[in-house]
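Please work through the exercises below with the sequence and the model side by side, and try each task before reading its solution.

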Amino acid sequence: MPDNAQELLMTDSPSQFKKRSYCTKRNALRGVGYIVLLAILVIVSGALTYVITDRVDRHKYRHHTTTIKGCSDNTTMSMESTYYGQTQIAENTLSFSVVFHVLQQMVFADGNNLIQGNMFICASSTGAKACGPFNCTNSFAYDTRDCSISFRIGDCVSQIEDECTGVNIESVEYNPHLMLVQLALKSHDTKSSVVGLVKDKSQHMKCPKANSL
């Protein structure tokens, strides 16, 4: 028998085995702890992102608190589609065409989205005062939780309001029940009205490139 046979046949002593078993359990518990800590960090990060984004949106955009409740996947507002409508103001017929173009979106844990992008508003007037169409770029944020729209009107629209249409856009709202984009307008003589825009593939207006005036 070789001189080291006895050494080869020997296994760990009871004390060594207990020590090695203890180390294995400790490493396993440490691994579980890291996983739990990582999960907590992900949850906290998601919550902070939501709060910060919500505050930023309300600060950056003109937020209109919708009076229309309810929003579901099959009635949510369509992106990249044209919404068109007309309204009569005094002796003029005002036409509006609105397209929501997506630049970025954030998906929350509950499956809802916060969509941000450009809102192109094309407007024209016919009748006593004919002008347009003019097409302007504006910013918007759309929350699929409640179909609410926050927006920021650009200088181009403000110029059109003064020189062409004679009305200010007070709010932009989506009605999920009627599937309409609603523009609340206020004329210079303080009269208010609401025009409903329907999703329409027809080219009612030959809108020029955005921000051309």
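Predicted model: local features only at pLDDT ≥ 70, side-chain atom pairs only at ≥ 80, totals over all residues.

Residues are numbered from 1 along each chain as its sequence is written, and side-chain values use heavy atoms, with hydrogens and water left out.

**Exercise 1.** Find which residues form the aromatic cluster.

Step 1: Rings of Phe, Tyr and Trp (its six-membered ring) pair if their centres lie within 6.5 Å, and planes under 30 degrees apart count as stacked, over 60 as edge-to-face and the rest as tilted; this rule gives two aromatic pairs.

Step 2: Tyr83 and Phe100 make an edge-to-face pair, at 6.5 Å centre to centre and 75 degrees between the planes. Because Tyr83 lies in strand β2 (residues 82–89) and Phe100 in strand β3 (residues 92–107), the pair ties together parts 17 residues apart in sequence; strands here are DSSP runs (E, at least two residues), numbered from the N terminus.

Step 3: Phe100 also pairs edge-to-face with Phe140, at 5.1 Å and 75 degrees. Phe140 belongs to strand β5 (residues 131–143), so this pair links parts 40 residues apart in sequence.

Step 4: Tyr83, Phe100 and Phe140 therefore form one aromatic cluster.

**Exercise 2.** Identify which side chains meet in a salt bridge, and classify the burial of each partner.

Step 1: With a salt bridge taken as a side-chain nitrogen of Lys or Arg within 4 Å of a carboxyl oxygen of Asp or Glu, the whole structure contains one.

Step 2: Its partners are Asp143 and Arg145, at 2.3 Å from N to O.

Step 3: Buried means under 20% relative accessible area, exposed over 50%, and partly exposed in between (1.4 Å probe, protein chains only). Asp143, at 8%, is buried, whereas Arg145, at 32%, is partly exposed.

Conventions: Helix = DSSP H or I, 4+ residues; strand = E, 2+ residues; numbered from the N terminus.
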